[in-house]
Amino acid sequence: MREPEIKSASAGPVGDQVRSDLSVSYEPTSDTLSVDVVSKVDYLYRDAIDSAVRRVAGAFGVTEGRLSIEDAGALEWVILARTECCLRRAGFDGPPVLPAPAPSADSPRRRERLRRSRLYIPGNQPKLMISGGLYEADGIILDLEDSVPPAEKDAARILVRNALVGLDWGVSERMVRVNQGTVGEEDLAAIASHNPHTVLLPKVEHPSLVGRAAEVLRSFAGENAAFLMPILESPGGLHRAYDIAAADPSVVALTLGLEDLSAELAAPRTVEGAESFLARQTTVYAARAAGVQPIASVFSDIDDEEGLASYVRRERGLGFDGIGCIHPRQIPVVHREMTPSESEVERAVRVVRAAREAEERGLGAVAVGSKMVDPPVVKQAYRTVELAIAGEVLDTKWDTE
């Protein structure tokens, strides 16, 4: 077998504005491997940085050459990821080098859960990932697709893999948006074994793409494979919305990307949303028919809080269970507007109590006062109670009062 060509390579950003990250460069020489570290925290962490870099070099069998490090306060999981990427780009090969797992690294995934808010974080920006768990979004999406330049896809993939292992995501669902095609399958292979709870699939136009993603995830993680959330972003995808939502048991939600869809339709996105009404309603119908959650697109103006509030109310009124967020300060607004009103909560509590009483008495029908209540209404009442508790307008011990 032909030996791989070893060449100069680098990974990571450089410049005065870099923080919580580092740059790693490799130069091939015939000398014993040296590691040169320049760091803003040199006096405290030089030895730790050197050790982390040499750990990756050892795993890759690198014994010669020079590794140069310019550190700007990177944590270990970032140091390991940047060094691994640099050596792979240089032509070396080796096993993944992982950080110590965070306490929540093995947190269980749950099919049924609140997905009111999901916050997108670029997969090539460690400084933004570090604080992701503090925002209390229902889901944190580490993005490998649109927010990552093509030349940095390989680096982002390793960063996201290490972030899944080494960072504490708090109460948030651990989500990753992968790329399309071959690059997307490489993303899936890299993250599948590291407990992503849900994987977002972009620009899905055919149910076979969902089935293939599920197959790849199961080949690495078996019964612990991540759930899936397909994204509809084209007329073709919307035409097959139900088939996509029902393509595999691992699908838990269906969402749409209105920016790409508007471009495909040659219909600029407006505040009123008339141009996308059918697409949004189709997404809700398809998701409900398939028994999965419908999730609305993002609201892109991060400075317009009232516009966001109005958008959330409108989308909730159409039947969506959640909204995409592109900035942390959108999260409280989304949660507030997704919280049921006092009158909605009062009615839901009456329905849930009536349903429990009927079950205890062995009755097949549920009555609230003189009116019979159908099973779908009971199901919605349970969800309203769940939302009310999450929004802190209903006490967790409401049913003991």
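## A tour from the cysteines to helix α14

Begin by selecting the cysteines of this predicted model, where the count of disulfides comes to 0. A disulfide is a covalent bond between the sulfur atoms of two cysteines. Zoom in on Cys85 and display its side chain: the closest cysteine sulfur belongs to Cys86, and because the two sulfur atoms are 7.5 Å apart, they are too far from each other for a bond, the cut-off being 2.5 Å. Cys85 has a relative accessible area of 2% and is therefore buried. Select Cys325 next, which also counts as buried, since its relative accessibility is 0%.

Within α14, colour Val378, Ala381, Arg383, Thr384, Val385, Leu387 and Ala388, which are buried. Then step just past the helix to Glu392, whose phi is positive, at about 60°.

Return to α14 and turn the view towards the largest pocket, to whose lining this helix gives the largest share, 7 residues. The pocket has a volume of about 590 Å³, and 19 residues line it; to find its centre, select Glu112, Arg288, Asp321, Lys379 and Arg383, the lining residues that lie nearest to that point. Finally, colour the lining by class, which shows 10 charged, 6 nonpolar and 3 polar residues.

Terms used
Residues numbered from 1 in each chain as written. Predicted model: local features only at pLDDT ≥ 70, side-chain atom pairs only at ≥ 80, totals over all residues. Heavy atoms only, no water. Buried < 20%, exposed > 50% of the residue type's maximum accessible area, 1.4 Å probe, protein only. Helix = DSSP H or I, 4+ residues; strand = E, 2+ residues; numbered from the N terminus. 1 Å grid on protein atoms, 1.4 Å probe; cavity = no way out; pocket = protein on both sides within 12 Å on 5 of 7 lines; lining within 4 Å. Points joined across faces, edges and corners; volume = space filled by probe spheres on them. Nonpolar A, V, L, I, M, F, W, Y, C, P; charged D, E, K, R; others polar.
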